[in-house]
Every structure is written in structure tokens, then in C-alpha cells.
Amino acid sequence: MTHDIEVSSLPLKDVIMDLSKALNTTYEEKCTEYSVAIPKKWGTGEIRGINFNNGLGIIIYDCEFIDDLTIKFTANKIHPVKYIYSAQGSVTHSFARTNVEHLIKTHKCAIVAAEKNNGHLLHCESGDRIKLVSLEIDREK
């Protein structure tokens with residue numbers, strides 16, 4: 001079974017808020033770092049994010065999902081440039097309006113920048129523990 005979660009917000013604090021709504025749980029804020037714990041019915045782990053004043057942000061995925069999960073980043077804004085590094089596990093990245101997928105394996109990275117307001121999709125396979133770091137650069141700032 002595959003689940004889709006839509007994230008239609010930027011910056012990262014709002015991304016975490018969208019994720020918490022989609023997962024039907026709450027989020028926490030500590031010193032401008034936002035986090036959401038993955039509910040047991042979805043899997044284990046957490047997703048954390050922080051924005052810095054200079055237009056940089058980091059989102060860290062440290063989780064495992066029970067079912068396949070696709071996170072669809074669909075904000076109708078210019079999306080940040082993303083440097084995605086997988087410390088553990090594999091994820092598939094694609095742009096919202098294409099069928100081209102890129103597998104990011106353990107200890108590999110990808111630099112992605114969507115054209116105009118085109119969104120990003122991250123797909124996680126069930127049972128695959130991922131530790132993913134995404135450095136996000138606000139192109140407008």
C-alpha cells in the first residue's frame with residue numbers, strides 16, 4: 001500500500017506543520033527547530049526542520065514507514081534548491097510534473113532545483129530505515 005502526503009507550505013516550520021496535520025499528530029518547537037514524531041500507525045522516528053535567517057534551512061528525516069510513502073511538496077511558490085544526502089537507506093526523488101525518478105542510495109547525494117513552481121516528490125519504501133538530510137537554499141533570499 002502507498003500513502004501520499006501533500007505539503008503545500010514553505011518555509012520548513014510550515015512544512016513540519018503540514019506533515020503533522022497529514023500524520024494526524026502534533027509537532028514540537030524548541031529554539032526555532034520544529035519536529036514531528038512519526039505516529040506508530042505510520043512507522044517510527046521523526047522529521048525535524050529549522051530555518052536560518054540567511055535563507056538556509058535543514059530538514060532531517062530519521063524514520064521508517066510501515067507502508068510506502070510519497071511526500072509531495074506542492075507549494076505554489078519557487079521551491080528551494082535542495083542538497084539531499086542519504087546517510088542511511090534509499091529514497092526516490094522526482095519532480096512533480098515529470099515521470100523521471102532518481103534513486104538516492106546510502107552515502108549518495110543529489111542537488112535538485114525545480115523549474116518555476118514545479119514541486120518535488122520524495123518516495124520512501126516501506127520498512128526501509130532512512131536518515132536523510134536536505135539542505136535547502138531559498139532562491140528568493
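E136 sits in strand β12. The model is predicted: local features require pLDDT of at least 70, side-chain atom pairs count only at pLDDT 80 or more, and totals for chains, interfaces and linings use all residues. Residues are numbered from 1 along each chain as its sequence is written, and side-chain values use heavy atoms, with hydrogens and water left out. Helices (H or I, at least four residues) and strands (E, at least two) are DSSP runs, numbered from the N terminus.

Is E136 buried or exposed? E136 counts as buried because its relative accessibility is 7%. Buried means under 20% relative accessible area, exposed over 50%, and partly exposed in between (1.4 Å probe, protein chains only). K82 is buried as well.

E136 and K82 form a salt bridge through their side chains, 3.2 Å from N to O. The pair ties together distant parts of the chain: E136 belongs to strand β12 (residues 130–137) and K82 to strand β7 (residues 81–88), 54 residues apart. A salt bridge here is a side-chain nitrogen of Lys or Arg within 4 Å of a carboxyl oxygen of Asp or Glu.

A second polar contact, of 2.8 Å, runs between the side chains of E136 and S134. Such a contact is a pair of N or O atoms within 3.5 Å; within protein, one must be able to donate a hydrogen and the other to accept it, and residues adjacent in sequence count only if both atoms are side-chain atoms.

Not counting residues up to four places away in sequence, E136 touches L12, G55, L56, G57, I59, P80, V81 and K82. Contact means heavy atoms within 4.5 Å.

**Salt bridges**

How many salt bridges does a search of the whole structure find? The search finds seven. Three of them are tabulated here.

| Pair | N to O distance |
|---|---|
| K30 and E28 | 3.7 Å |
| R48 and E46 | 3.2 Å |
| E136 and K82 | 3.2 Å |

K30 is exposed because its relative accessibility is 57%. E28 is partly exposed at 46%. R48, at 24%, is partly exposed, and E46 is partly exposed at 28%. E33, E46 and R48 are linked in a salt-bridge network.

**D18 and helix α1**

D18 lies in helix α1 (residues 12–22). D18 is buried but has no salt bridge. Which side chain of opposite charge is nearest to D18? That is K21, 4.7 Å away. Lys and Arg count as positive and Asp and Glu as negative; His and the chain ends are not counted.

The D18 side chain does make a polar contact with the side chain of S9, at 2.9 Å. Leaving aside neighbours within four places in sequence, D18 is in contact with E6, V7, S8 and S9.

The buried residues of α1 include L12, V15, I16, M17, D18, L19 and S20. Among the elements covering them are β1 (2–7), β3 (33–37), β4 (43–51), β5, β6 (68–73) and β12. After α1 comes N24, with a positive phi near 55°.

**Pocket and cavity**

On a 1 Å grid over the protein atoms alone, a cavity is a set of points where a 1.4 Å probe fits but cannot get out, and a pocket is an open set with protein on both sides within 12 Å along at least five of seven lines; lining residues have an atom within 4 Å of a point. Grid points are joined across faces, edges and corners, and a volume is the space filled by probe spheres set on the points.

The largest pocket has a volume of about 320 Å³. Its lining holds 20 residues, of which L10, P11, L12, N51 and D138 lie nearest the centre. β5 (56–65) and β12 are the elements that give two or more residues to this lining.

The structure has one cavity of 30 Å³ or more. The largest cavity has a volume of about 30 Å³. Y61, F73, K82, I84, H93, H120, L122, S134 and E136 line it. β7, β11 (120–124) and β12 each supply at least two of the lining residues.

**Backbone exceptions**

Most residues other than glycine have a negative phi, and most peptide bonds are trans. L10 and P11 are joined by a cis peptide bond, with omega about 0°. P11 is in the loop between β1 and α1.

T32, not a glycine, has a positive phi of about 65°. T32 lies in the loop between β2 (28–30) and β3. H107, also not a glycine, has a positive phi of about 65°. H107 is in the loop between β9 (101–104) and β10 (109–112).
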